[in-house]
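Take a look at the model below.

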Amino acid sequence: MRQTFIFLLTFLGMSVPAHAQDQAPLFVEDPLEDQFIYSNIVSVFYHELGHALIDVLNLPVLGREEDAADTLSAILIDDLWEEEASIGLIYDTTYAYQLYDTAEAEAGAELAYADVHGLHMQRYFNYICLYTGANPEGRDDIAQELGLPEDRLAGCADEYQLAVDSWNTLLAGAPAGDGSQPSLVLVSGDAGPAIASVLQGEIDILNEQFRLPVQVAVKVESCGEANAFYMPGEQSITFCTEFVDLWIQLYAANAPQ
């Protein structure tokens, strides 16, 4: 039996309900495409939340911080969402990495070996492995369908447990919250109301569960590029509205004819 993630039991106060996506389309009429966009907003936000936690809690990181943030994103998808919804999040998140990889290959872009992030398909397989490792008996069919090699799949339970143990060690003893002193505050103005709606739902859940030593602003704004990032100096997460435009473009370009 896998160890329960202490982040949810201690850091989040032992009261996080698993939740599922259940809303009318927010971005496009096609429900599958809309789900794809919604899922990627969530997984990207969890990734940036990882950067924020590392900064404001002054957490040590062995290895690349981007990998640690991806790991937290995968863990939260598993722990915060009901099974059916979490499966959808993983399929959509990994599909985005496939689309990024395909688009760059078609454009003749060189592989970004020097980038702080892993290569798109490395991140693709890491998400699958961590998610499958959380429930290897119940999710091995997902790993097989998404093409995770058998030799990697064999070690995914250990990879997940190591990831959980590592984040547990970093976050053990962090104070729980009750929502009265929000640690995450949405600052969106009139930009990206649909994105802001998705993020506000996540922020509301997280604010009920943990308290950070400083308040982290979550901004939704136009950045001139498809991106999301955490700014340590400002202690803020920015989600760029152009990200949704990119996902719509990539999804449409790869939709079956």
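**Disulfides, core and helix packing**

C129 and C156 are joined by a disulfide, with an S to S distance of 2.1 Å. A disulfide here is a pair of cysteine sulfur atoms within 2.5 Å. This is a predicted model, in which local features need pLDDT of at least 70, side-chain atom pairs count only at pLDDT 80 or more, and totals for chains, interfaces and linings use all residues. Residues are numbered from 1 along each chain as its sequence is written, and side-chain values use heavy atoms, with hydrogens and water left out.

Stay with that link. The C129 and C156 bond is left-handed, with -120° about the S-S bond. C129 sits in helix α5 (residues 120-133) and C156 in helix α8, so the pair ties together parts that are 27 residues apart in sequence. Helices (H or I, at least four residues) and strands (E, at least two) are DSSP runs, numbered from the N terminus. Are the two cysteines buried or exposed? C129 counts as buried because its relative accessibility is 0%. C156 is buried too, at 1%. The cut-offs are these: buried means under 20% relative accessible area, exposed over 50%, and partly exposed in between (1.4 Å probe, protein chains only).

How many disulfides does the structure hold? There are two. In the other, the sulfur atoms of C223 and C240 are 2.1 Å apart. The link of C223 and C240 is left-handed as well, with -95° about the S-S bond. It connects distant parts of the chain, 17 residues apart: C223 lies in the loop between β2 (216-221) and β3 (228-231), and C240 in strand β4 (residues 236-240). C223 counts as partly exposed because its relative accessibility is 27%. C240 is buried, at 0%. With the bonded cysteines numbered in sequence order, the pairing reads 1-2, 3-4.

Now step back to the whole chain. It has ten helices and four strands. From the N terminus on, the order is α-α-α-α-α-α-α-α-β-α-β-β-β-α. Of the 257 residues in the chain, 46% are buried. Contact means heavy atoms within 4.5 Å. Among contacts with a separation of 6 or more, 69% are between residues 24 or more positions apart.

Next, the interior. In soluble globular proteins, nonpolar side chains tend to be buried together. A nonpolar core is a set of buried Ala, Val, Leu, Ile, Met, Phe, Trp, Tyr and Cys residues joined through side-chain atoms within 4.5 Å. The largest one here has 71 residues, and I41, F45, L184, F239 and W247 touch the most other members. Helix α2 (residues 31-56) gives the largest share of this core, 13 residues. What does L184 touch, leaving out residues up to four places away in sequence? Its partners are F45, L49, I203, L206, N207, F210, V216 and V218.

Helix packing comes next. Two packed helices are described by the angle between their axes and the distance between the axes. The axes of α3 (residues 65-80) and α8 (residues 156-171) come within 10 Å and cross at roughly 100°. That angle makes α3 roughly perpendicular to α8. Axes are lines fitted to C-alpha atoms, for helices over the stretch in contact, and angles run from 0 to 180 degrees between N-to-C directions. Angles under 35 degrees count as roughly parallel, over 145 as roughly antiparallel, 65 to 115 as roughly perpendicular and the rest as oblique. On the α3 side, A68, T71, L72, I75, D78 and D79 make the contact; on the α8 side, Y160, A163, V164 and W167 do. These residues divide into seven nonpolar, one polar and two charged. Ala, Val, Leu, Ile, Met, Phe, Trp, Tyr, Cys and Pro count as nonpolar, Asp, Glu, Lys and Arg as charged, and the others, Gly among them, as polar.

Return to the strands for K219, which lies in β2. K219 is partly exposed, at 23% relative accessibility. Setting aside residues up to four places away in sequence, K219 touches V187, E234, S236, I237, T238 and F239.

Finally, check the backbone in two loops. N58, between α2 and α3, has a positive phi near 55° and is not a glycine. N58 is exposed, at 67%. Q235, in the loop between β3 and β4, also has a positive phi, about 50°, without being a glycine. Q235 counts as partly exposed, at 25%.
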